[in-house]
Amino acid sequence: MRKLVDTFKALSDETRLQIMTLLLEQDELCVCDFVGALGQTQSKVSRHLRYLYNAGLVEDRREGLWMHYRISTQLDPEQATVLAALAQAVGDEQKRELRAALEQWFAQKEATGECQAPAATPCC
């Protein structure tokens, strides 16, 4: 029961819901991708990702200085059920808006070769 409580607490924030919605549609995203798509600071995004990580919803992978996140491959059955419901519950318009923001970020990142992180350091 504790894992389920932690899962719902982790999903009780709008930014974390947006992060999970993006991850449900993408295999893996770099922290800078969330920063660019959501218009949040790197520190705020990292804090939310750590919360999701501690709840067991995401797993991370380091590539140089950058952390990449994906949906955990070790979800409990209850967590998998909640995430499947989340994928259905998020409206199409909300998904379109997030997808468009992410695609706009990808285009900017490709054009500049840089992340939108505070120091605009090279990414991924």
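The model is predicted, so I kept local features at pLDDT of at least 70 and side-chain atom pairs at pLDDT 80 or more, while totals for chains, interfaces and linings use all residues. Residues are numbered from 1 along each chain as its sequence is written, and side-chain values use heavy atoms, with hydrogens and water left out.

**Sheet.** I took helices (H or I, at least four residues) and strands (E, at least two) as DSSP runs, numbered from the N terminus. Strands count as paired if DSSP finds at least two bridges between them. I found an open sheet of three strands in the order E1-E3-E2, with antiparallel pairing. E1 (29-30) and E2 (58-63) are at the edges with a single partner strand each, so one side of each has no neighbour in the sheet. I looked up the pairing of E1 with E3 (residues 66-71) and found two bridges; cysteine 30 has histidine 68 in E3 as its bridge partner.

**Helix H4.** I checked the length of H4 (residues 42-54). The expected span is 1.5 Å times one less than the number of residues; for its 13 residues that is 18 Å, and the end C-alpha atoms are 18 Å apart, which agrees. I then listed its buried residues (under 20% relative accessible area; exposed is over 50%, partly exposed in between; 1.4 Å probe, protein chains only). They are Val45, His48, Leu49 and Leu52. Glycine 56 follows H4 and has a positive phi, near 85°.

**Salt bridges.** My criterion was a side-chain nitrogen of Lys or Arg within 4 Å of a carboxyl oxygen of Asp or Glu. The structure holds nine.

I looked at arginine 61 and glutamate 28 and found their closest N and O atoms 2.5 Å apart. Arginine 61 is in E2 and glutamate 28 in the loop between H2 and E1, so the pair ties together parts 33 residues apart in sequence. Both residues also belong to a salt-bridge network with Glu59, Glu63 and Arg70.

Aspartate 33 and lysine 109 meet at 2.8 Å, N to O. The former lies in H3 and the latter in H6 (residues 92-112), so this pair ties together parts 76 residues apart in sequence. I noted that aspartate 33 and lysine 109 are buried.
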